[in-house]
Amino acid sequence: SIIDLSPLGRQPMHNADGRLAIVFNGEIFNYRELRAELPETTRSQFHSQTDTEVILNGVWEWGLDGCLQRLRGMYAFAIFDRRDCSMTLVRDPLGVKPLYYMHQRDALFFASEIKALLAFAGIKPAINNQSLYDYLTFANAPAPDTFFEGISKLEAGTYLRVDHHGQTHQQRYWDATAFKPDS
């Protein structure tokens, strides 16, 4: 917590009816404007002064795509929807904030650092030779690959939805070639 250091700013954070839960890493630069843009009924349900709660209520009010189109900042977050037991991982348009994930033992694990994923019991890291080659050749291992087999990096400007059956769907929500600056 940077904006609201009170206990109300702690994560995970839930919306008013408990349907949505979020964990968030980053900063939303226009969160005050977005908070003012939300309907009065939604604004009255805020319990903190955080940008995290703005994302949470924005997803509730505008849907994920509608909220993502409004966000300006650097971020990585995960939203769990209790209604359909889905988890959605989101990474900012330029990929400033990292988000790593892996499927293992019928579960989805995610973190902002690979070492957190490697800390799970039973994980035996293996080198991803293609990523190592790419890094030594191009000084970069492009997403979704990482140096470790079985651990992926969410691409910038995308979200990954995992349903209650473990099926995944990745969607690009931002494309630099389609970017049009505000006039």
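**Salt bridges, strands and a surface patch**

Trainee: What is the relative accessible area of Glu113?
Mentor: Glu113 is partly exposed. Buried means under 20% relative accessible area, exposed over 50%, partly exposed in between (1.4 Å probe, protein chains only). Glu113 falls in between because its value is 40%.

Trainee: What kind of model is this?
Mentor: Residues are numbered from 1 along each chain as its sequence is written, and side-chain values use heavy atoms, with hydrogens and water left out. Local features need pLDDT of at least 70, side-chain atom pairs count only at pLDDT 80 or more, and totals for chains, interfaces and linings use all residues: this is a predicted model.

Trainee: Which residue forms a salt bridge with Glu113?
Mentor: A salt bridge is a side-chain nitrogen of Lys or Arg within 4 Å of a carboxyl oxygen of Asp or Glu. Here the closest N and O atoms are 3.5 Å apart.

Trainee: How many salt bridges does the structure hold?
Mentor: Take Asp81 and Arg83: their side chains meet in a salt bridge, 3.8 Å from N to O. Asp81 is buried, at 9% relative accessibility, whereas Arg83 is exposed, at 57%. The number for the structure is seven.

Trainee: How many residues apart are Arg70 and Glu37?
Mentor: Arg70 forms a salt bridge with Glu37, with the closest N and O atoms 2.9 Å apart. The pair links distant parts of the chain: Arg70 sits in helix α3 (residues 51–70), Glu37 in helix α1 (residues 31–37). Helices here are DSSP runs (H or I, at least four residues), as strands are (E, at least two), numbered from the N terminus. The separation of Arg70 and Glu37 is 33 residues.

Trainee: Which residue in β6 stands opposite His103?
Mentor: β5 and β6 pair in the antiparallel sense over five bridges. They form a hairpin with two residues between them, and Arg105 in the turn has a positive phi of about 50°. Opposite His103 stands Leu108.

Trainee: Which residue in β7 stands opposite Tyr100?
Mentor: Strand β5 (residues 100–104) and β7 pair over two bridges, in the antiparallel sense. Facing Tyr100 is Lys153.

Trainee: How many disulfides does the structure have?
Mentor: A disulfide is a pair of cysteine sulfur atoms within 2.5 Å. Cys67 is buried, at 1% relative accessibility, whereas Cys85 is partly exposed, at 41%. A search of the whole structure finds a disulfide count of zero.

Trainee: Which residues make the nonpolar surface patch of about 480 Å²?
Mentor: Patches are made of residues with over 30% relative accessible area and no salt bridge: like charges are joined within 9 Å, nonpolar side chains (Val, Leu, Ile, Met, Phe, Trp, Tyr) within 5 Å. Tyr135, in helix α5 (residues 129–138), is partly exposed at 41%. The patch residues are Ile127, Leu132, Tyr135, Leu136 and Phe147.

Definitions and conventions. Accessible areas come from the Shrake-Rupley method with a 1.4 Å probe; for residues, only the protein chains shown count as cover. Two strands pair if DSSP finds at least two bridges between them.
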